[in-house]
Amino acid sequence: MTRPPSQPSFVPLESRPPLPVSRLIRDEPAGEDAAPLDVLFVGGGPAGLAGAIELARLVARDAEAGGDLGPVEIGVLEKSETLGEHCLSGAVINPAPFRELFAGLSDEELPFRGAVTGERVYLLTEGAKVRLPTPPPMRNHGNVVGSICEVVRWLGERAEEAGVNIFTGFPAESLLVEGSRVTGVRTVPAGLDRAGQPGEGHMPAMDLTAQITVLAEGSRGPLAQAWLERENIGSENPQIFALGVKELWRLGKPLKDVIHTLGYPLPRDAFGGSFFYPMGEDLAAIGLVVGLDYRQQDLDVHGLLQAMKLHPLFKPYLGGGEMLEWGARTIPEGGYYSLPNRMHGDGVLLVGDAAGLVDVPSLKGIHHAMYSGMYAARTIFRALKAGDTSAGSLAGYDALVRDGATGRELFRRRNMRTVFKSGFYAGGLKASLAILTGGRIPGKRIAVEDDAAEARIPGGPAEVVPDGVLTFSKVDAVFRSGNKTRDDIPSHLVAPDQVSPELGRLYTHMCPAGVYEWSEGGLVVNAPNCIDCKATDVLGPRWTPREGGSGPSYKRM
């Protein structure tokens, strides 16, 4: 869609608050009661757990071989109450890192729900569908279907068996640094009331120190953002993001094939598509992913998903079924040119989505996250053996990522998201050329802006009135996420001091969980509704860590 010159617009970046770096990084020594570790992985997702398992095994093998490293205390710090509760993802997985990390196990012993046996890709209009040839990056032969919650819980069990210390319910509030060196983290205090004062069940913050801290926070991790900003580490392109909203259904009609769609219900100036994945038995995951560089002020990804479920492609499967769980999260989409120029520092490494290691054309990130954790573990092991955890000693990690399978795959597909900045049809043509030429056309970097720098215009797609059977309100959706946040918790969202009505409407529609409301009195922030999708952090109010166990409680997604 081309915006008429006379149509008013506004730029969210002009009102987005700065990242509160002084809260997220503390240049001070740890407290006297700090818990000492050798290596700390901040984030208990696939990247952090795979890295912890690989490092524990390398240390064990060194001991068996008579090495001189000695015991290594490895910890994983996870903000959710139990592993997997905050993990949401698409459910088609490249199993390669599992087979490498657990070479002695068969696929039947790994935490999967079965192989992909068929797939379909469609271009949708409002009432019809056109089947398309499956693009090579989206072909899933050899891949498996799985629940990311189950995968993470399974990895956690393997990590504990390997001797890794797992601390759940402890979000990291800030990095502890001394000069340029990261020395550990400070956790979020618990039991504070809305005014930030100690209340019932108060538990003060705790410091954990480590020779090496691995930031595995996932998409839009605040500590990773703060560290990159403090160190003045940029990237060739700014990172750009998409918002994915997902539901788990018990179906009324069995689904056998993996399905992806383009087109409806998205406007032509928005990038994205849907997925519909069989999850074994009578379950399926359905979701919609939309780039946060969309133009229309009132575009609502949750609302678009509700409209999409009424399409003739999906409705026969969902009718007579039941929506079991709902969730949302942001996904880094920038690809190769949005990777940080440096992913290591004195005593610190960035892994997984925190570093932007997602391949958008194939809709895959779990295997890249796990490989990055494993690369980090190998780098850390060598550094510990050498007794040197400086940036120079950890620099080899960047080479492992960029020169390995992850970097090669991201480089081949380096422009296949950014070409869609020129529109749906022109972008589709350019993406096809990129596939055919292995990325050589268009070979040079396509420059992009921060998502929040894209001008927004009034309007948006028509909204569906929820029926509570096939379509659901945001209030119902948040309930299905299992949100466990206290109503009187301090707000963890840093909103602008001044919010225009246009900006207020953007926030209201952008947030899938109904955190923001616009009234005559201004912006109302319902912080307890937040499910940590981080979309708000991309376009407006900044997200900061909150009390452990808060947020969603995904059980099967």
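Both Phe276 and Phe314 are buried, where buried means under 20% relative accessible area, exposed over 50% and partly exposed in between, with a 1.4 Å probe and protein chains only. The model is predicted, so that local features need pLDDT of at least 70 and side-chain atom pairs count only at pLDDT 80 or more, while totals for chains, interfaces and linings use all residues. Residues are numbered from 1 along each chain as its sequence is written, and side-chain values use heavy atoms, leaving out hydrogens and water.

**Exercise 1.** Classify the pair formed by the rings of Phe276 and Phe314.

*Solution.* Rings of Phe, Tyr and Trp (its six-membered ring) pair if their centres lie within 6.5 Å, and planes under 30 degrees apart count as stacked, over 60 as edge-to-face and the rest as tilted. A search of the whole structure finds eleven aromatic pairs. For Phe276 and Phe314 the centres are 5.5 Å apart and the planes stand at 70°, so the pair is edge-to-face. Together with Tyr317, these two residues form one aromatic cluster.

**Exercise 2.** Classify the pair of Tyr507 and Tyr516, and decide whether each residue is buried or exposed.

*Solution.* The centre-to-centre distance is 5.8 Å and the angle between the planes is 50°, which makes the pair of Tyr507 and Tyr516 tilted. Tyr507 has a relative accessible area of 0% and is therefore buried; Tyr516, at 2%, also counts as buried.

**Exercise 3.** Find the ring over which the charged end of Lys253 sits.

*Solution.* The criterion requires NZ of Lys or CZ of Arg within 6 Å of the ring centre and within 35 degrees of the ring normal. The charged end of Lys253 sits over the ring of Tyr317, 4.8 Å from its centre.
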